[in-house]
Amino acid sequence: MLEHYFPNQLERGVVQCLIAALAVLAVMLLARRRAPGLLSEISFAELRGLLQIFAVGAILAALLRGPAWTSTFVLAGMILAAASIVRKRAKKIPRAFVLALIAIGVGAGTILSVMTATGVIPLKILTLVPVGSMVIANTMNTQSIFLDRFRGEVVSHVGEIESALALGATPDVAVEQYLRAAFRASLIPAVDNIRSLG
């Protein structure tokens, strides 16, 4: 429909950005009514995301002309950025950055390595970087949900955990059921996405 009114691709792109911005503004206004502190976080996240898209787009435009091995550095940078975002989400968890870096690096790294080694993803920057960024983003989201839910479970069940420790349970045993609950909750979005693929 927009192609009819805006045949020029640049003009159409600007209009598409404006429509997306209005949609985000509507969500922000709705979020403000339900969670007042969330408005500034959404605004900052949107501005930061927009700047990152421009920066990454410029970097990728240069890298797409380079050899395939340069995608390793791009993906490593994405993993560091993802771990940093998880750390900000899980501020009250000690060593959250290291935990997130290991989890995202090992999880996303293993999947991408297996997929490129078996030929599912061609070893080309044009494919590896976009697919890799999606895998890293999903891993980051799962890690954020896991750490947030695990902390909530521990805070909600401090008495039970302390009682188990006082009775001689090891820390691993004392928190095991809460760890499982957090793990299960962190996988809900991924499982729902898989269920709705068809």
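Select Glu153 and Arg149 to start: their side chains meet in a salt bridge, with 3.0 Å from N to O, where a salt bridge is a side-chain nitrogen of Lys or Arg within 4 Å of a carboxyl oxygen of Asp or Glu. What you have open is a predicted model, in which local features need pLDDT of at least 70 and side-chain atom pairs count only at pLDDT 80 or more, while totals for chains, interfaces and linings use all residues. Residues are numbered from 1 along each chain as its sequence is written, and side-chain values use heavy atoms, with hydrogens and water left out.

Now widen the selection to helix 6, residues 125-156, which holds both Glu153 and Arg149, four residues apart or about one turn of the helix. Helices here are DSSP runs (H or I, at least four residues; strands are E, at least two), numbered from the N terminus. Are these two residues buried or exposed, if buried means under 20% relative accessible area, exposed over 50%, and partly exposed in between, with a 1.4 Å probe and protein chains only? Glu153 counts as buried, at 11% relative accessibility, and Arg149 is partly exposed, with a relative accessible area of 35%.

Stay in helix 6 and select Phe146 and Phe150, which again lie four residues apart, about one turn of the helix. The count of aromatic pairs comes to one, and Phe146 and Phe150 form that pair, stacked, with 6.0 Å from centre to centre and 0° between the planes. For such a pair, the rings of Phe, Tyr and Trp (its six-membered ring) must have centres within 6.5 Å, and planes under 30 degrees apart count as stacked, over 60 as edge-to-face and the rest as tilted. Phe146 is buried, its relative accessible area being 16%.

Next, select helix 8, residues 171-186, where Arg180 and Glu176 are four residues apart and so separated by about one helical turn. Arg180 forms a salt bridge with Glu176, and the closest N and O atoms are 3.1 Å apart. Both ends count as partly exposed, Arg180 at 44% relative accessibility and Glu176 at 39%. The count of salt bridges comes to two.

Show helix 6 and helix 8 together, and look at how they pass one another: their axes come within 8 Å and cross at roughly 145°, the axes being lines fitted to C-alpha atoms, for helices over the stretch in contact, with angles that run from 0 to 180 degrees between N-to-C directions. On the helix 6 side, Thr142, Ile145, Phe146, Arg149, Phe150 and Glu153 meet residues of helix 8 that include Val175, Tyr178, Leu179 and Phe183, where contact means heavy atoms within 4.5 Å. By class, this contact has ten nonpolar, two polar and two charged residues; Ala, Val, Leu, Ile, Met, Phe, Trp, Tyr, Cys and Pro count as nonpolar, Asp, Glu, Lys and Arg as charged, and the others, Gly among them, as polar.

For the last stop, move to helix 4, residues 70-89, and select Ala76, which counts as partly exposed at 37% relative accessibility. From Ala76 to Arg184 the separation is 108 residues in sequence and 27 Å in space, C-alpha to C-alpha. Leu80 also lies in helix 4 and is partly exposed, at 44% relative accessibility. Which residues is Leu80 in contact with, leaving aside its neighbours within four places in sequence? They are Phe97 and Leu101, and Phe97 is 17 residues from Leu80 in sequence and 9.0 Å away in space, C-alpha to C-alpha.
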